[in-house]
Amino acid sequence: MSEFSERLKELLIQNNITQKDLSEKINKSRVAVNNYCTGYREPSLDTLKMICQALNESADYLLGLKDI
């Protein structure tokens, strides 16, 4: 599993957001969000930006470039 998927799952739990909630916020299917969480797929840059905005988190953190 990728660092991105691990951090995405952690942020969903910390923010009490379900995969369905996130999918609605970023206008993607729940299956797509599940694929991001399991590491089966990675989001496009546009989708990554929407995920960052929805979770109020930096791309650097989600991608594992920074720990804070």
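Colleague: Which residues of helix H3 are buried?
Modeller: The model is a predicted one. Helix H3 covers residues 30-38. Its buried residues are Ala32, Val33, Asn35, Tyr36 and Cys37.

Colleague: Which residue just after H3 takes a positive phi?
Modeller: The value of this phi is about 85 degrees. The residue that takes it, just after H3, is Gly39.

Colleague: At what angle do the axes of H2 and H4 cross?
Modeller: Two packed helices are described by the angle between their axes and the distance between the axes. For H2 and H4, the axes come within 9 Å. Their crossing is right-handed. The angle is roughly 115 degrees.

Colleague: How many nonpolar residues are there in the contact of H2 with H4?
Modeller: From H2 come Leu22, Lys25 and Ile26, which meet Thr47, Met50, Ile51, Ala54 and Leu55 of H4. By class, one residue of this contact is polar and one is charged. The nonpolar residues number six.

Colleague: How many residues does the largest nonpolar core have?
Modeller: Phe4, Leu8, Leu12, Leu22, Ile51, Leu55 and Leu62 have the most contacts inside this core. The elements giving two or more residues to the core are H1, H2, H3, H4 and H5.

Colleague: Is Arg7 buried or exposed?
Modeller: Arg7 lies in helix H1. Leaving aside neighbours within four places in sequence, Arg7 is in contact with Tyr61, Leu62, Gly64, Lys66 and Asp67. Its relative accessible area is 8%. Buried means under 20%, so Arg7 counts as buried.

Colleague: What is the relative accessible area of Asp60?
Modeller: Asp60 is in helix H5 (residues 59-62). Beyond its neighbours within four places in sequence, Asp60 is in contact with Leu65 and Lys66. Asp60 is partly exposed, and its relative accessible area is 31%.

Colleague: What separates the C-alpha atoms of Asp60 and Arg7?
Modeller: Along the chain, these two residues are 53 residues apart.

Notes
Residues are numbered from 1 along each chain as its sequence is written. This is a predicted model: local features need pLDDT of at least 70, side-chain atom pairs count only at pLDDT 80 or more; totals for chains, interfaces and linings use all residues. Side-chain values use heavy atoms; hydrogens and water are left out. Buried means under 20% relative accessible area, exposed over 50%, partly exposed in between (1.4 Å probe, protein chains only). Helices (H or I, at least four residues) and strands (E, at least two) are DSSP runs, numbered from the N terminus. Contact means heavy atoms within 4.5 Å. Axes are lines fitted to C-alpha atoms, for helices over the stretch in contact, and angles run from 0 to 180 degrees between N-to-C directions. A crossing is left-handed if the near helix is turned anticlockwise from the far one by less than a right angle, and right-handed if clockwise. Ala, Val, Leu, Ile, Met, Phe, Trp, Tyr, Cys and Pro count as nonpolar, Asp, Glu, Lys and Arg as charged, and the others, Gly among them, as polar. A nonpolar core is a set of buried Ala, Val, Leu, Ile, Met, Phe, Trp, Tyr and Cys residues joined through side-chain atoms within 4.5 Å.
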